[in-house]
Each structure stands twice: as C-alpha cells, then as structure tokens.
Amino acid sequence: GGWVLLQNCHLGLDFMDELLETLLTAEIPNETFRVWITTEQHLKFPITLLQIAIKFTNEPPQGIRAGLKRTFSGISQDLLNVSNLPMWKPLLYTVAFLHSTVQERRKFGPLGWNIPYEFNSADFTASIQFIQNHLKKIDIKKGISWNTVRYMIGEVQYGGRVTDDYDKRLLNCFARVWFSENTFDSAFCFYTGYKIPVCKTLEQYFDYIQLLPAMDTPEVFGLHPNADITYQKNTSADVLDTITNIQPKESAGGSGETRESVVYRSAEDMLEKLPPDYVKARLVKMGALNSMNIFLRQEIDRMQRVITVVRTSLNDLKLAIEGTIVMSENLRDALDNMYDARIPQVWRRVSWESSTLGFWFTELLERNEQLSNWIFHGRPKVFWITGFFNPQGFLTAMKQEATRAHKDWALDKVAVHNDVLKLTREEITTPPSEGVYIYGLFLEGAGWDKRRSILVESSPKILFVQLPVLHMFAVDST
C-alpha cells in the first residue's frame, strides 16, 4: 500500500521500459499502491508509459498576485516575527516581489530574459536568510549597507544563475532601484498600485495580495505594453502549432480534395516559378578576384544549393504521390509540412527561417532576384542586407574593398561605421562614392524618429519599425 517515487527518469530511459514491463506483469495486492515518477520532457521517453499514466505538470503561477501568494504560503508567522527591526518586513516583501518579477519575465521569452533561467524558491530562501543575518549584524546608527545587499542579490543569490551580461545588468538595475532607503518611504511603489503593505500577520499580507490585479500590465516588470502583444501572439502560435501537429495525417475519404492532390498542385506551382540554375561564367567576366565578387560567388553557391534541394525534393514528391517511387521519411515530412503551409525540414536546413511556406518561397524568389540583377545588370545602388546568407561577410568584403582603394590603410585597423539616412530605398538614385547603401533592417522594442534620426520609445501596438536606408562605410581607426 506504500508509494514509490522515482525522480529524474529522463536520465534513466532504459529502466523505463523495464518499469513498464514490471507494472504490467506484477500482481499488486493493495489497490492504494502508487508509483510516482518525475521527468523532464524527452523525445525518447516511452510513449506507452505516458499513455497509461496520469499526468501532472507543475507550472509556475501566472501573475504577480499568484506568485506572491505562492511565495508567502511558504513563509511562517515565526519568520515574519524573527526580527523587531522596522526594515525587516518591507525587505521581506521586496524580495518576494523581486522573486515573482524575475519568474514572470520568463514568459515573455527573449524580451524578458535573453536566456530563460531556472529561478526557484531556493533563491528566495537564501536571499531572505542573508537579509536576516545582515540585519542582526548591522550598526543601528550606520544602517543597512545597501551596496552589500544589492551585490548579494544582483550578483550572488539571483545573479549567480545569470550568465548573460545584459541580463546581469537588468537584475542589478532591479536591485539598485528596489533596494535603497527609498524602499521605506511611504510613497515608494514598484509600479502604480503596487506598494509595500504595512502588515503584522500573514493573514493581513494575504488580504492585501488578494486585492492586487489578477492580470498585470508588462510595465510592472519593466517592460513596454507591446511585450504583452508579443507574448499573446507567441502563445496563440504555440497552441495552433500543437493543434496542427496532432491532427490526423492520413487522407480522409469523401468527395473533398485529398491532401496529396493539394500538395501535388502546390509542388507543380512552385516548380513552375522556381528560378533556373546560375551560370558561373558571368562571374569570371565580372572580375573573379574582386572582394565583392568573391562574396557574390559564395552567396550564389549557397543559393544554388537551396534551388537544387527544392527542385529535387519537389520532383521526388510528385513521383512519390503518383506512386512511381517510395515515399521516404523526408518526402513524408515535406508532404505534411507543405499541406500545413510550413517549411519542410530538408529545406530549412539549407536555408533560412520564415513564418510560413508562402513567405519563405517569396523570399527565395526575391533573394534570387537580387543576386541575378547583380550578375546581369551590375552592382545594385542599394543592397537588401537581410537577403544575404552571410551579411557579416558582405560588410567584411566592403571593408576589404575600401582598404584596397586606400593604399595606406591596414585591414585590421579598418572599422565599419554607419549613418542612418532620411531616405527610403525608392528615393536612392545613385550609389555612394564610398561604402554601400543597405536596407531591410527592423527595430524591435524601439521606434525611430526620422526627423531627428534618434531612437524613441515604441508606439503602442507597433511591434516592428523599419529603419530607413543606412550608409555603411569603412574608416581608418589608427
């Protein structure tokens, strides 16, 4: 009648098959017996074991109110009364608020943290223990050593998990703003409506927390309101992706058009629009040793590979649908993805990311058009830099070109500079005397003031802003 707990089972997948066999064959006389297993997600976890199990997931609470409730449910009245100093309870609440904030920012993805860190209750407990010890040792006349508190929270307790420099800077910013003498000011608040309550018992804290909004604006966590749009959009996309993935893949009976015929027609349409193979002889005439032409050749080689892979797989897919050849795993993946308007894995491996198959194919045609125009009609006046496989290589070629033009410059002393112009791509009529004009860059998380040529705050409900044309040029930094 006892319970067995097996933890971290993703580390012992071989034993899982044995466990399944044992559970299915063993005669267990007591009905109250249970086997609990904990695991992380793993592609090779036995699906049969999952199917016969009752699944529980432990999700972090959503929102500041739920986060604070969970944090305070782990606090006892004795801990609340552990110090008579007036600074103790406000600091305890501040650490709890910080704990909820750092966890809640994770749901915003890269907007919240560049790397999703596993902050947990141990970080909160350790921080509280440190503050408790610090308050015991302080000189009342000198007061709290805020530099010590900020360092321990921003660099050690929570900061010890943080590996990204910008994430560390953000965490230290929270510590600097929320841990100071201002914290004890009656007017202090984390954000409008989020104050530090003056309470003596846990019940009073829970009563105050219950009055907080159920849904928080991203500004509470130091984010722009647009961050919530991005979060909702990503969540919706995940849900729809999951629904698409679990739909039946076999052709349904009935009078409707089959999956195979839809994909066959789509494959024929793509093959018709697919550009022809490149003629390498043109590159030799343009000057094979010119640094920009070497870059162009590398781009064409990669583009040719994409065109070849797409043409081959589309032709094979048509033959497989007709039944002439066997439907391989790659072709089955291409069939499923094309039907769902997604990019087949074999194409994505040699190309670029895109939201849908339609956008991806349009981009293929546009990238090809830029390269073809460069070969047959000469160097473009303005370059679509995001249409290259290796934009960094393009800027390096531009640096090499500038170095060769100035005989006294050394390549390792040349730096790339840029000016943001006030012109759009259509308004550019001539190329620059030195360097290159580029377009195709977007800002996320900021706006652009064209009149003053400076970064500004994002406008509400506008997630991306296109930058005007940039003039990229090389300067001698010696």
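**Basis of the entries**

I worked on a predicted model, in which local features need pLDDT of at least 70, side-chain atom pairs count only at pLDDT 80 or more, and totals for chains, interfaces and linings use all residues. Residues are numbered from 1 along each chain as its sequence is written, and side-chain values use heavy atoms, with hydrogens and water left out.

UniProt positions are given in the numbering used here, feature names are shortened, and annotations may be inferred rather than shown by experiment. For residues 1–57 I recorded 33% helix and 14% strand, with 24 Å between the end C-alpha atoms. Helices (H or I, at least four residues) and strands (E, at least two) are DSSP runs, numbered from the N terminus.

I placed Trp-3 in strand 1. Trp-3 is exposed, at a relative accessible area of 58%; buried means under 20% relative accessible area, exposed over 50%, and partly exposed in between (1.4 Å probe, protein chains only). Its C-alpha atom is 7.3 Å from that of Trp-36, although 33 residues separate Trp-3 and Trp-36 in sequence.

I then turned to Asn-8, in the loop between strand 1 (3–6) and helix 1 (13–25). Asn-8 has a positive phi, near 55°, in a residue other than glycine. With 43% relative accessibility, Asn-8 is partly exposed.

Lys-44 sits in the loop that joins strand 2 (34–37) and helix 2 (47–52). I recorded Lys-44 as exposed, with a relative accessible area of 66%. Between the C-alpha atoms of Lys-44 and His-10 I noted 8.6 Å, for a separation of 34 residues in sequence.

**Entry: the lid annotation and the cysteines**

UniProt, again in an unreviewed entry, places "domain: Dynein heavy chain AAA lid" at residues 88–227. Over residues 88–227 I recorded 51% helix and 4% strand, and the end C-alpha atoms are 34 Å apart.

How many disulfides does the structure hold? I found zero, a disulfide being a pair of cysteine sulfur atoms within 2.5 Å. For Cys-199, the closest cysteine sulfur is that of Cys-189, at 16 Å, which is too far for a bond. Cys-199 is buried, with a relative accessible area of 10%. Cys-9 is also buried, at 5%.

**Entry: helix 11 against helix 14**

Two packed helices are described by the angle between their axes and the distance between the axes. For helix 11 (residues 259–273) and helix 14 (residues 329–339) I recorded an angle of about 90° and axes 9 Å apart. Axes are lines fitted to C-alpha atoms, for helices over the stretch in contact, and angles run from 0 to 180 degrees between N-to-C directions. Helix 11 and helix 14 are therefore roughly perpendicular to each other; the cut-offs are under 35 degrees for roughly parallel, over 145 for roughly antiparallel, 65 to 115 for roughly perpendicular, and oblique for the rest.

Helix 11 contributes Arg-259, Glu-260, Val-262, Val-263, Ser-266, Ala-267 and Met-270 to the contact, and helix 14 contributes Arg-332, Leu-335, Asp-336, Met-338 and Tyr-339. By class, the contact of helix 11 with helix 14 has seven nonpolar, one polar and four charged residues. Ala, Val, Leu, Ile, Met, Phe, Trp, Tyr, Cys and Pro count as nonpolar, Asp, Glu, Lys and Arg as charged, and the others, Gly among them, as polar.

In helix 14, I found Leu-331, Ala-334, Leu-335, Asp-336, Asn-337 and Met-338 buried. The cover over the buried residues of helix 14 includes helix 11, helix 13 (291–322), helix 15 (345–350) and helix 16 (357–377).

Ala-341 follows helix 14 and lies in the loop between helix 14 and helix 15. Its phi is positive, about 60°, although Ala-341 is not a glycine. Ala-341 is partly exposed, with a relative accessible area of 38%.

I placed Asn-390 in the loop between strand 5 (382–384) and helix 17. Asn-390 is partly exposed, at a relative accessible area of 33%. Leaving aside neighbours within four places in sequence, Asn-390 is in contact with Phe-295 and Glu-299. The C-alpha atoms of Asn-390 and Phe-295 are separated by 8.8 Å, at 95 residues apart along the chain.

Definitions and conventions: Contact means heavy atoms within 4.5 Å.
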